[in-house]
Amino acid sequence: MTPEEEISVIKKVLDGDSNAFEALVLANQKNVYNLALKMIKNEDDALDVSQEAFLKAYRQLEAFRGESRFSVWLYRLTYNLCIDFMRKRPKSQVISLSAYQDDGGDSVDIEIPDLRELPDAKLLKKELKEQIAQSINALGQSHREILVMREINGMNYAEIAETLGINEGTVKSRLARARLSLANILVQKGTFPDSYRQNARKEVE
């Protein structure tokens, strides 16, 4: 959905056509759920937070000024809800591991563009992607969330900066450190050769 289409739908909703909001839900539900799932790491809780995000967006739609894309405003709202949820969640809660979902609701293998080349032609892509997914979940929250936003949700630097409330320079440096942290884990596991860690380190330097 283009920015112009978003504004058009929002105007319809604000003019009383509540059914029009469904178009915004359909256009953003996958990425909202992906972001919540990767932050919370529990499918049921991520679904609840996603639904809460859309409900809150609908109720606060008049507060949307159109200074950014609706999707970015929605990601920021979802991000804040996830932070609030994790602060309230008991430390001992069991965390589940799951891949993200495509438009049809099917599980999709995660790919990290900067690190996805196979180190061994005989290594199955599925196994590699599973190891990458597990390694992403082993990262700290700030590194995990920025990798999800950039590599899975496909957000650009400006969108990530607005969502996290930081500048683009910080986004780039944090993303570079996140990739290095991921590379370190993958090298330690023996998934990738040390050259991948060296390449990731160059981004930080």
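Biologist: Which residues form one aromatic cluster?

Modeller: Phe64, Phe70 and Trp73 form it. Please note that this is a predicted model, in which local features need pLDDT of at least 70, side-chain atom pairs count only at pLDDT 80 or more, and totals for chains, interfaces and linings use all residues. Residues are numbered from 1 along each chain as its sequence is written, and side-chain values use heavy atoms, with hydrogens and water left out.

Biologist: How many aromatic pairs does a search of the whole structure find?

Modeller: A pair of aromatic rings is described by the distance of the centres and the angle of the planes. Rings of Phe, Tyr and Trp (its six-membered ring) pair if their centres lie within 6.5 Å; planes under 30 degrees apart count as stacked, over 60 as edge-to-face and the rest as tilted. The search finds 4 such pairs. One of them, Phe21 with Tyr58, is edge-to-face, at 5.2 Å centre to centre and 70° between the planes.

Biologist: Which parts does the pair of Phe21 and Tyr58 tie together?

Modeller: Helices are DSSP runs (H or I, at least four residues), numbered from the N terminus. Phe21 belongs to helix H2 (residues 21–40) and Tyr58 to helix H3 (residues 43–59), so the pair links parts 37 residues apart in sequence.

Biologist: Is Phe21 buried or exposed?

Modeller: Buried means under 20% relative accessible area, exposed over 50%, partly exposed in between (1.4 Å probe, protein chains only). Phe21 is buried at 7%, whereas Tyr58 is partly exposed at 37%. The rings of Phe64 and Trp73 form a tilted pair, with centres 5.4 Å apart and planes at 55°; both residues are buried.

Note on methods
Helices (H or I, at least four residues) and strands (E, at least two) are DSSP runs, numbered from the N terminus.
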